[in-house]
Amino acid sequence: MMKWLWISLILLFQFHNYKNCLGCLEEEKIALLEFKKTSCNAWKSSDDGYDHLSSWRIDDERGSDVDCCSWERVYCNATTGRVIQLSLEYLNDQFVNDCYLNISLFSTFKELRHLNLSYNSFQGWINNEGSERLVGLGKLEVLDLTSNLFNNSIVPSLIKLNSLTTLSLGSNYMCASILLEEFLSSLHNLKSLNLSYNIDFSASSQMKKVGSTRSLVVLAKLEALDLSASGFENHIIPFLGTLTSLRTLSLSYTYFDGFLLMKELANLHDLRSLDLSYSDLNCSSQAIQALCGMNWLQELYLQGNNFEGIFPPCLQNLASLRILDMSGNQFKGNIPSSFIPSLSSLSHILLGYNDFEGTFTFKTIANHSKLEVIDLHSAGWFEIEIEDSPWVPLFQLKELYLPNYNLNKQGDATSRFLSTQYNLRIVDLSHCNLDDGTLPTWLLENNTMLSDLNLRNNSMRGQFLLPSDVHNASRFIDISRNCFDGILQENIGNIFPGLRSLNLSKNNFDGVIPSSIGHMSFLSILSLSDNNFEGEIPKHMAMGCSLLSVLELSNNKLRGPVFPQHFNFTELATLRLDNNSFSGNILTGFSKCQFLRMLDISNNHLTGRIPTWMGNFTYLEVLNLRGNILQGNITLIEFQLVKWLEFLDLSQNHLSGSIASLLNSTSLSHLHLEGNKFIGPPSTVFVNNSYLMTLDMRNNDLFGGIPEWMSALSGLRILLLQRNHLNGPIPHHLCQLVMIRLMDLSHNSLSGSIPQSFNNISFGRRKDVEYILGIESNFASAYDNSGPVVMGAAEEIEFMTKSRSNLYRGYILNFMSGIDLSCNNLTGDIPNEIGDLNEIHVLNLSHNQLTGSIPKSFSNLKQIESLDLSYNNLSGKIPSELITLNFLAVFIVAHNNLSGSTPDMKGQFATFSSTSYEGNPFLCGQPLPEVSYYCSISGSSTKPFSTASYDVENEYDIDMSAFAGSFVASFVMFLLGLATILYINPYWRRMWFQFIEAWIYSCHDFLSDSYNKLWIHVYRFRLFLWKTLFD
C-alpha cells in the first residue's frame, strides 16, 4: 500500500514539474518583450541590418504561442521554467546618445543568476531608478557591464547585490569620486572584480588611504582582480599584498612604482596568473626576483616595461610556468643555459625586443612536449642555432616568430625543423636572408591550419608553387621583397579562398593577374606592386573582391581603362595604380568608391578632364594624379566637398586656365600644381589655410606679382614658384612666413632688392616646429606584421643644390633648408641680415644684377653646403672669413667684378677650382691660372706664381730631374745590397752564379736556335724569289 502511495506522489510531482516546463512565466516573457522595445535601440546591426533579437516574438509563423525559453540569448531553469541567464551583449554596435536602461524590467526575474549587458551604449538607469529595483535580484551572481557608458550614478544600485560573485565594470566612465570602501564593503562574496579601463580611479582629494585599505581587506574571497589602466596610485600597492586568496591579478598600464610593487606582490604565493605588461616599470631585473617564490604561477606577463639587467636566473624555480612573456624590455646578457630546460611545462616563450646576447639553441627546448609558441622578435644580438643533426621535436608548435635572424647559415637545418611541424598557425621568418630556393610546398601542405605566413624580405627565388589542396584556414600571406618569378598560378584564388591579406609585392612575377583572385571574397588587402604583371585588371577580380580596402598595383605593366562600370570595389580605402600604362578617361567605376582615403593613379596615360563626381569622395585624404595627360580647367565643382583632403598632386598634366577656388578644405597640407599650363595671377584659394605646408606651382604661366594673401599661409614650409612669369618686387609680407624651410622663386622676372627682413624666416633654425609631415594612412600596418608600412604619400620635392637638381623625399626634408632667387632681375646690395640664417644649406643668388660686396656675415652660415653668387655685379674682396665654412661643397662667385686675392687654399676652399672664380678680371690668387695685372701693381700678391705651379691641370706634373735622380739612387742601392748579400753568404753566391750560368746557356741556346730558324726561312724565301723570277 505504501509502495503505491509513493508512486502516486512521484507521478503527481512530475506532472507538476511538467506543467511548469510548458514554458517560461508570462510575466518574464512580457518583460523581455518590453526590453526589446527599448526606445534607444532597434537591436539591429549598423552594418547589415541584422536583428539580434529576431527570435523574440509572441507567436511563430503558424500562430502558435512561442516559449520565451526557446529564444536566443535566454536560458531557463529546466525544472521551474524561470529565466536564470540573459546574454544581451553586443546588441547595439553603434553609439546612441542618451541611451538609458530600464532596469525595472529585470526585477521580474527572481531566479536570474547571470546577466550580461556588455558592449552596448547604456549610460545609466532610467530616472536613476534601480537601487530599489535591483533588490529583487537577490540571486544574481554574475553581472557584466563591460564596455558601456555607465558612470558613478549606478553605484548605489550595485552595492545592494550582496550575492554577486563576479562583477565586471571594465571600460566605462567610472571616475575618482567613487569611495571604494562604500562601493565594495557590501560585496563580501565577490570572487572576480574587473575595474579596468575606466577614466580614472586614481585617488581624489576625498579618497582616504585607510578607507581603500578596508575596502580591499574585506574582499577575502577575491580570486581574480583586474585593475588594468584604472589609474590607481602607489598608495594602493601595500594593500594588494593583503589579497592572499588571489589567483589572477592584472595590473597592466597601471604605472606603479616598480620596486614597491614587486615587494608587495611577493606575498601573493597562490597566484596563477600575473599581468604587469605595459606599465612602464623602471627597475632592475633584481626586483623580479621577488616573484621567484610564486611556486604555483602559470602565466607571467612582463612585456612592454623597462626592466633592465641580467635575466633573473631564479625564475627557473617556477616549475609550473606555462606562459612567459618578457618581450619589450631591456634585458641583456646571456640567458642561463639551464633556464629554459628547467621549465618543462612551458607552452609560450616570448623574449623579443630585448638586448640579449649569445645563442638561443633549439637544444634547450628539445624536451618541451607542451611548447606551442616561440616568439624571438628582435631579441637582441642573438644567434639562432637549430639542430644540425636530424631530430624530431617532442612538441608541435602553433606559432613561430623568428624575424630578423640570419637563418641562411643554418643550411638545411631550418627546413628540416619546419618539416617536422604539422600544427602551425602562424609562421614569421621575415628578414631572415633565406635563399634556399623556392618556397617548399610541404610547409603549406603539412600545416592545413596555417593562417599567417610571413616570408617578407628574403632571397627566395623561383616559382611560387601552390599546394594541391584547398587551404580554407589561410588568412595572411606575405612573400614580398623576394626574388620569385614566373607566372602566378591561375588557381591561387581557389587554393586560398579565405585569405584576408595577400602581399606579393617587390618580386619578379610576370604574366596576367589571375582572375581566380575574384574567388577570395573576404580579401581585404591585396598588394601586387613592383612586379611585371601585364594586361588588364581581371573582370572577375573586380567584381568578386567586393571587400577590398587596400589595392596596390603600382609599378607594373598593366594597361587598359581604369575602373569601368562593372568594377565593384565599394569598400576601397587605399588604391594605388601609379606607374603603369592605364589609358583613357577616368571611368565611372571609381564613383562607387565612396570610402576612398587615398587614390594614386599617377604616371599613367590617362586623358580627358577630371570628373566632377570626384568631389563626392568626402573621405579622401590623398589624391595623386601626377604625370598623366589630363586637360581642361579646374573648377570649384570637382573638389567642393573634399574637406578632409591633405595631399593633392595634379602636376605634370595639361591642365589650363586659372587656378580657381579648388577646395572647401582647410586641412590641405601639400599642394602640387607644377608643370601645367595655368595662367593668370595666383588665386586667393588658399587664404586662411594655416595647415598648408607645401605650395608647388612651378613651371606654369602665372604672371603678376606675388600676392599679399600668401602671408596668411602661416604654416607654410615649402614655397616653389620657379619658372613662371612673376614680376615686381619680393614683397615684405612674404617674410611673415616664418616657418619656411625651402623657397624657390628662381626663373621669374622679379625686380627690386632682397628684403632685409628675410632673416625673420627660420630656414631651419626652429627644428622643433618646422617638422614637415608626410601623409600616413591609418591602415599603414594593415598587412605587415613585422612593423608599419607607409601606404600614404611621402612628400617629394625637387630643389637645385650644388649646381644640380636633387630630389628630396620624406623624412630627409626635415633636414633640408635653402633659398633660390636665381635668374631674376634683383638689384641692390645683398643684405647683411642673410648671414643670420645660420642653419641654411643652400643659397643661390646667381644670374641677377646684385651690386655691392659679399657680406662678411656669410661666415655665420655654418651649415651652408652650396653658395652661388655668380653672374652678378658684385665688387670688392671675397671675405677671408669664409674659409671657416667647413661644410661648403660648392662655392661660385664667377662673372662678377670682384678684386683682390682669393681666399687661402685651406679647408673646403682647397677643393675649389678656377671655375669658381673665373670672369673676375681683377681677382687673383690660387687656383686662378695667372697673375692679374691688378694684383701685380697693387701688391696684393707678393709672390708671383707660374702657370706650371698652380694650374689645376698641371697639379700632378712630374719633375723629371728629381725622378731620374731618385731612380738612379734606388738602382745603385739595390746593386750594392745584392753584392753585400752574395759576399756574406757563399751558398747564395754559388746559387747566384749557377743561376747566371744557366741563364747564359739558355740565352745562348735560344739565340742560336732562333738564328738557325731565321737563316732557313731566309734561304727558303730566296729560293721562292728566284723561282718566281725565272718562271
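Good morning. UniProt, in an unreviewed entry, lists residues 962-984 as "transmembrane region"; its positions are given in the numbering used here, with feature names shortened, and its annotations may be inferred rather than shown by experiment. This is a predicted model, in which local features need pLDDT of at least 70, side-chain atom pairs count only at pLDDT 80 or more, and totals for chains, interfaces and linings use all residues. Residues are numbered from 1 along each chain as its sequence is written, and side-chain values use heavy atoms, with hydrogens and water left out.

Over residues 962-984 the chain is 100% helix and 0% strand, with the end C-alpha atoms 33 Å apart. Helices (H or I, at least four residues) and strands (E, at least two) are DSSP runs, numbered from the N terminus.

I turn now to the open sheet. Its 8 strands follow the order β36-β38-β40-β42-β44-β46-β50-β52, with parallel pairing; two strands pair if DSSP finds at least two bridges between them. β36 (631-633) and β52 (849-851) are at the edges and have a single partner strand each, so one side of each lacks a neighbour in the sheet. Within the sheet, β44 (residues 725-729) and β46 (residues 749-752) run parallel and are joined by 3 bridges. Gly728 is placed opposite Leu750 in β46.

Finally, the hairpin. β1 (residues 74-76) pairs with β2 (residues 83-87) in the antiparallel sense over 3 bridges, and Cys76 has Val83 in β2 as its bridge partner. Between these two hairpin strands lie 6 residues, and Gly81 in the turn has a positive phi of about 80 degrees. β2 also runs parallel to β3 (residues 114-116), joined by 3 bridges, where Gln85 stands opposite His114.
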